[in-house]
Amino acid sequence: MLILHPHLHRRRTGVTTHTEAVVAGLAISQEAYAIGPAIAPGIPKLSMREALRRIRSGEPTIWHAHRNLELLLGLRLRASRKSKLWVVATRHSGSRPGAYSRWLLHAADACVSLTAHQAFLLGVRSTVIPHGIDTGRFVPAPDGRAAAAARAQIPTAYALGVVGRLRPSKGQGDFAEALADTPQAVRQNWTPVLVGLAKPRDARWANGLVARVPQLVLAGAQSDPVPFYQAFTIAVAPTRDRVESFGLAAIEAMACGCAVVATRLPWMPDLIDDGRTGFLYPPGDVPALRALLARLMANPERTAAVGQAAAAAVRERFGIERELAGLRALYQNGFGHCSNSPWELHERR
């Protein structure tokens, strides 16, 4: 059985890296490929021309789409008289799908949700398979956070920060505002860091955050966030953006032993056990964020213990192996019901 994960977007996104991780894992034991212009070197990849040739030859194929464009293309290919194509769709947005997206999802042979909350919003039957990460790559620094901070050129004993695109909806402004009014005695041994790209339209806003908190370091876009996660004692996920659906950066930071402070978006309690493996606060509530950060910064040893519990929880619950096992089970259990027409699915359900 041929497994294809198309990703036709020309710009690399979080979905790109997720697609690559899944394909690389599946390809160890099955014939699995990514399709798309932004796929990184070293990932098993098939050209669209070769994929279409094999589908049209009648070879049994899983087409696993991650965006509407790829889903629509898969449905059209499935309608071919010769194809033996089973179309799977993963919804990566945390918002309720619109009419067009629901129409496409209803026509898929199977849908994947990342959390129970997303499954509730979807409006179609789905299987919940959370994202997984490479727990061999996202690990605490083997020689300790102080050494990791030195490698990241962080000048103080402790660091805290945010990893992700720099823009107002991601909440970095709340992070800076919370720190600006934290007593100097609490934050004097801490360096705050923002890791991520600021597009030209957001660059002036990002520089304004430094004016508000002079110690704030803008590290810019990084191809590999692991060195910064390993340097952070506290990682903050302050996003207000409900379009997201999972919070992969929070899981990555937890795996590296960070105590994560995140907004209580609807899916975050699925990821963080508040008070044990991290901390949650209401989105946009800067005083609540300030109080949490002040408490954690004042007691770094206790904060580090929370990070250790977080790393253990991620290894148990969110390793890439668990996601791959869920996908393999879905593919194997469902392919026998493959339809040659996108309209027959409504009758089956």
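Which residues in H7 meet which residues in H12?

A: This is a predicted model, in which local features need pLDDT of at least 70 and side-chain atom pairs count only at pLDDT 80 or more, while totals for chains, interfaces and linings use all residues. Residues are numbered from 1 along each chain as its sequence is written, and side-chain values use heavy atoms, with hydrogens and water left out.

From H7, the residues Asp174, Phe175, Glu177, Ala178 and Leu179 meet Val286, Leu289, Arg290, Leu293 and Met297 of H12; contact means heavy atoms within 4.5 Å. Seven residues of this contact are nonpolar, three are charged and none is polar. Here Ala, Val, Leu, Ile, Met, Phe, Trp, Tyr, Cys and Pro count as nonpolar, Asp, Glu, Lys and Arg as charged, and the others, Gly among them, as polar.

H7 spans residues 172–180 and H12 residues 286–298. Helices (H or I, at least four residues) and strands (E, at least two) are DSSP runs numbered from the N terminus. Two packed helices are described by the angle between their axes and the distance between the axes. For H7 and H12 the angle is about 60° and the axes are 9 Å apart; axes are lines fitted to C-alpha atoms over the stretch in contact, and angles run from 0 to 180 degrees between N-to-C directions. The two helices are therefore oblique to each other, since under 35 degrees counts as roughly parallel, over 145 as roughly antiparallel, 65 to 115 as roughly perpendicular and the rest as oblique. H7 passes H12 in a right-handed crossing, one in which the near helix is turned clockwise from the far one by less than a right angle.

Elsewhere, the largest nonpolar core has 37 residues, and Ile251 is one of those with the most contacts inside it. Such a core joins buried Ala, Val, Leu, Ile, Met, Phe, Trp, Tyr and Cys residues through side-chain atoms within 4.5 Å. Its largest share, five residues, comes from H11. Six of the eight residues of H11 are buried, so this helix is largely enclosed by the rest of the structure; buried means under 20% relative accessible area, exposed over 50% and partly exposed in between (1.4 Å probe, protein chains only). Those buried residues are Ala250, Ile251, Glu252, Ala253, Met254 and Ala255, and they pack against H10, S10, S11 and H13. Just after H11, Gly257 takes a positive phi of about 85°.
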